[in-house]
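Please look through the sequence and the model below before reading on. The report that comes after them is meant for someone meeting this structure for the first time.

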Amino acid sequence: MSYFGEEYDLTYFRDIDKREVDFVVTLDKKPSLFVECKWNDEPISLGLKYLKSKFPACESWQISCIGTKDYVGELGIRVCPALNFLTDIV
């Protein structure tokens, strides 16, 4: 999708070691946002930590449907309820 001359894409990540991240937004073919979705509060996923370590400047979130925790964890990954994510991202 193109927006004001910039090329955005939405995909996911999964490697041969079964690390995965639910949503990867790229801008001009470079990662700009990682989002991992969980049902409840859980430790930060290994896949999200892996991608964040490879792309430290990329904004990274782990959101939960019914969880209540809201904090910035290791590597600067934001963990929060989905509603907080949606409020902050828009």
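## Basis of the model

This is a predicted model, in which local features need pLDDT of at least 70 and side-chain atom pairs count only at pLDDT 80 or more, while totals for chains, interfaces and linings use all residues. Residues are numbered from 1 along each chain as its sequence is written, and side-chain values use heavy atoms, with hydrogens and water left out.

Helices (H or I, at least four residues) and strands (E, at least two) are DSSP runs numbered from the N terminus. A residue is called buried under 20% relative accessible area, exposed over 50% and partly exposed in between, with a 1.4 Å probe and protein chains only; the areas themselves come from the Shrake-Rupley method with a 1.4 Å probe, and for residues only the protein chains shown count as cover.

## Aromatic pairs

A pair of aromatic rings is described by the distance of the centres and the angle of the planes. Rings of Phe, Tyr and Trp (its six-membered ring) pair if their centres lie within 6.5 Å, and planes under 30 degrees apart count as stacked, over 60 as edge-to-face and the rest as tilted. By this rule there are three aromatic pairs. One of them joins Phe34 and Phe55, whose ring centres are 6.2 Å apart with planes at 65°, so that this pair is edge-to-face. It links distant parts of the chain, since Phe34 is in strand β4 (residues 30–38) and Phe55 is in the loop between α1 (46–54) and β5 (59–64), 21 residues apart. Phe34 is buried, at a relative accessible area of 1%, whereas Phe55 is partly exposed at 35%.

Another pair is formed by Trp61 and Phe85, with ring centres 4.8 Å apart and planes at 70°, so it too is edge-to-face. Here Trp61 belongs to strand β5 and Phe85 to helix α2 (residues 82–89), 24 residues apart, and both Trp61 and Phe85 are buried.

## Salt bridges

With a salt bridge taken as a side-chain nitrogen of Lys or Arg within 4 Å of a carboxyl oxygen of Asp or Glu, the whole structure holds seven. Among them, Lys49 bonds with Glu74, their closest N and O atoms being 3.3 Å apart; as Lys49 lies in helix α1 and Glu74 in the loop between β6 and β7, this pair ties together parts that are 25 residues apart in sequence.

Asp15 and Arg19 form a further salt bridge, with closest N and O atoms 2.8 Å apart, and Asp15, Asp17 and Arg19 are linked in a network of such bridges. Asp15 is buried, at 17%, while Arg19 is partly exposed, at 23% relative accessibility.

## Surface patches

Patches are made of residues with over 30% relative accessible area and no salt bridge, where like charges are joined within 9 Å and nonpolar side chains (Val, Leu, Ile, Met, Phe, Trp, Tyr) within 5 Å. Leu86, Ile89 and Val90 make a nonpolar surface patch of about 310 Å². Val90 sits in the segment after α2 and is exposed, with a relative accessible area of 85%.

## Backbone angles

Most residues other than glycine have a negative phi. Lys18, in the loop between β2 and β3 (20–27), has a positive phi near 65° and is exposed at 59% relative accessibility. Leu75 also has a phi near 65°, and its place is in the loop between β6 (71–72) and β7 (78–81).
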